[in-house]
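Here's a quick walk through a two-chain model, written for someone who likes to know the cut-offs. Have the viewer open as you read.

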Amino acid sequence: MMSSRLCYFITEIGIKSVYISPDLNYGAAVHADKWIPILPNTDAALQLAIAYVWLTEGTYDKEYVETHAVGYEPFFDYVLGKAEDGIPKTPAWASEKCGVPEWTIKALARDWAKKVTSIIHGNGGPGIRGPYATEPARLEAILLGMQGLGKPGVHQAKMIEWHIHTPYYPLPYQSKQRPDIAVFAEVVRPPKTDYAGFFAHPPHLLDQSPELKELLKPMEVAPQQSLPKCMVHDAILNGQATWYGLDKFIGPREEQFHLHKFPEEGCSTIHMIWTDSPCMTTCWNDGYRFVKALQSEAIECVVAQHQWLENDCILADIILPVTTKYEQDDLQEEATGGTYEAVYREYPACPPVGESVTDFEAVARVAAKLGKEYYDRYTGNVPTEKLVEMFYNASGLKDYLPYEEFKKDNVVILPPDPDVKNVKPGLREFYEDPEKNPLKTPTGKLEFTSTALQEFFPDDEERPPYPKWIEKGVSHDESLSSERAKKYPLLCVSNHPRWRMHAQCDDITWTREIETMKIRAKDGYQYEPVWLHPSEAEKRGIKHGDIVKVFNERGIVLGAAYVTERIMPRVAYMDHGARFDPIDPNGIDRGGAINLITPTAITSKNATGMVVSGFLVEVQKVTDEEMAEWKKKYPEAFARKIDKATGVCLESWLIQK
Amino acid sequence: MAKAFVIDVSRCSGCYNCQLACKDEHVGNDWTPYAKPQPEIGQFWLKVQENVCGTIPKVKIHYIPKLCNHCEKPSCLESCPQEAIFRREDGFILINPEKCNGCRDCLKACPYNAIYYNEELNIAQKCTGCAHLLDNGYKLPRCVEACPTDAIKFGEVEELQDLIPGAVVMKPETGQKPRVYYRNIPGKFIAGTVYDPVAKEVIIGCRCLLTSGGKVMETYTDAYGDFWFKDLAVGKYDLTLEAKGYARKHFLGLNTAVDINLGDIPLDKE
Ligand code: SF4
Ligand code: SF4
């Protein structure tokens, strides 16, 4: 909502908004002056053609490029067709790939060059989670660079999560007292690997609370190794995995050139899984492969900590029921608002439901079973009241407002930086004087050709030193030009859900009544909508509201057709995060968890990320005969209790003895 | 004295907060004598209606939040054999849940489908204007309070005098005189993109003339070769496209019963 208000403001002050997306998304629906539909994950082609127009028409900031960028000549040669491939990246070339008419590409390139233009992202979503997503991301930086990134009005901005929970990315106008509040249960006892401490509590803040520092000392039993989440299934099924970079989304640039392997020398493979975010099937890559990994002989036990019996929990051997934050006593911060930040005491709104305890307590109780010394070491036997004080003191606010003062109102609101008016926006300082204010790249300049990629991966064809259009490669073959597209002729786009937070809140009765959230089909089940253009629906004899199957080699996910002009032809669109409701856990899902059939491989050979959008599928109507066959073959799946308002029920998984 | 709602459709972002807040106020809450609890699902005392207009890529969306119109001449009130439906001094039309016997005549009588039947309680139910709140010191109904863009305004008719002129009501032909007014409901559009099929370039500044019954409207294509005639009445229109050096193109008898996207229109050289 905050973003939407900002968009109204942008329109009111006379700025035009162009939305480029396969779907007329919820922002575009209300705020777009112009919508340019583009095939999913083909932005790189469009971007290269825009560079081509600017280069051939001389409408980019040459002086800026010469003074602020390095390695631009080989990139420009590639765009103009003077590189090895010999293909000029003309608008006609791009139009074939991205589905935007040639004339519209030229018009966009010229309008952009003529006007002061910034790029705004909702969050990132499918744009950064497609095969080879590194390329459009890098190309965007280059295009902004070609128009003088940092100049007044030439910026890149993001509409939500203005401050992710880490003090490493402060916003310039935020308070000088950057609080860093870790929720008790989130406290990271770093694994013993040398690079994993990145998300741990900042050492300089920890120094302000010696008691907490003592408590958070790495434990003797701390994990000896770690693994990126998008590779867990591979690591289990193949017995090993190698990758570059951190096991996290965010980290220092240099980290991405370190090769890691699993298992580490002298360490074990995975025998047991204990998860406190059981949503691999709904939120990560190739969910059916994850199911297979859990079922493999290598895994002896699966433990899940969760509030509801849903998603990966239904594959677990043991479930530790935990509380929601509304049942917890904790300290909390609000820092996503961007300007004001608040730190406040969070008292429980209600007593814990059933036998649930906090995540912290659940882990502590397991520690207690291992022996009193483990329990003592993990909890320090500190009462909640004292924990609050320790965390407050390590938040960086101690000198601004002593804990005794904080306790009076249990809330502190931090004003933005009083000098905010003097803070230069975005990369303005770099724009004004790149020598004095270098970027954090190795050369301090915008690297059109990355010096680090050149050094570490000079021959990587999937993430070359300067960004390219990668239609297919060893990692992915998910383009409409692929042989596979004969069988799976639609590109699937999957956004962060409009009506959920990832896999959370899929069961909210009142949102489930909204037509774009769920569609009640003729069998009474509320299916996840699958957006299809009327032309694609017609070809397949599909009508609005029909039960359909979205599928590829990896499996089948059911949904209900949402036939609309809001999505372009050759595309199917399904939000991620619908609850897993397996008809057959190894290949048929009724709940509509689209991530079950997303690609297996990471972003590209050397780039470690999840790929969950921009992949090939086919959509077909589920016939009555097919449904009847499934009902016959999987009676227990259809016998599960379905609530009219909330969908699949917890009780349906309980076996009464 | 009468209360009214004025909804500015151009400020509605389709967040559905109003629809959800209304449910939060009334589902499972017993506000007798104003209203009995609304069931968990199935009733929408306020329903946001999504309208998708046009065809790809000239698609526009607007949302219209719809609730009981608290009409000046409510057909439901007259239809009720139990005299359970009554008008308050502030103009709100309420159904007395104690008197209602579930005959459902009012459901049929309301041309706006604003009344729902509660099977479990065997009563008719609808928006109460949150009279239970207003009578108890609250200034605004829940839906109004929940709107983050102030798209829904609420107050005495007199207070809203600046906003009501030019606003429309739903189905004015019923003569029921609704007290829910709408501003900026978009009319129909005719749009397209003009381009040169040989040069494969959009044509910028192409003159677009739209005529209907002697009325002439004029616009020029923008940087994307796009033209838009917005807020048109339903009717027949003739369109002429003229750009220097190109042969004119005519589209005759365009019927705006639905929004019209003429797509990418090639203009040939003269
Ligand atoms: S006035 Fe109250 S009852 Fe009526 S629509 Fe708004 S929130 Fe619902
Ligand atoms: S709360 Fe306001 S903006 Fe949101 S849907 Fe309702 S009227 Fe529209």
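## Around ligand 2

There are 13 residues around ligand 2, and B:C12, B:C15, B:Y16, B:C18 and B:C147 come nearest (a residue is near a molecule or strand if one of its heavy atoms lies within 4 Å of it). Sorted by class, that shell has nine nonpolar, four polar and no charged residues. Here Ala, Val, Leu, Ile, Met, Phe, Trp, Tyr, Cys and Pro count as nonpolar, Asp, Glu, Lys and Arg as charged, and the others, Gly among them, as polar.

## Ground rules

This is a predicted model, where local features need pLDDT of at least 70 and side-chain atom pairs count only at pLDDT 80 or more, while totals for chains, interfaces and linings use all residues. Residues are numbered from 1 along each chain as its sequence is written, chains are lettered from A and ligands numbered from 1 in the order in which they are written, and side-chain values use heavy atoms, with hydrogens and water left out.

## Where A meets B

Chain A brings 45 residues to the contact and chain B brings 39 (contact means heavy atoms within 4.5 Å). About 3400 Å² is buried between the two chains, with carbon and sulfur atoms giving 58%; buried area is the accessible area (1.4 Å probe) that two parts lose on being put together, summed over both. On the chain A side, A:W103, A:W510 and A:E513 lose the most area to chain B, together 24% of what that side buries.

Seven salt bridges run between chain A and chain B, a salt bridge being a side-chain nitrogen of Lys or Arg within 4 Å of a carboxyl oxygen of Asp or Glu. One of them pairs B:K23 with A:E513, with the closest N and O atoms 2.5 Å apart.

## Salt bridges inside chain A

Over all chains, the structure holds 63 salt bridges. A:K486 pairs with A:E483 at 2.7 Å between the closest N and O atoms. A:K486 is exposed at 66% relative accessible area, and A:E483 is exposed at 57% (buried means under 20% relative accessible area, exposed over 50%, partly exposed in between, with a 1.4 Å probe and protein chains only).

A:R512 and A:D506 also form a salt bridge, with their closest N and O atoms 4.0 Å apart. This time A:R512 is buried at 4% relative accessibility, and A:D506 is buried at 3%. Both belong to a salt-bridge network that links A:R500, A:D506, A:R512, A:K518, A:E528 and A:R579.
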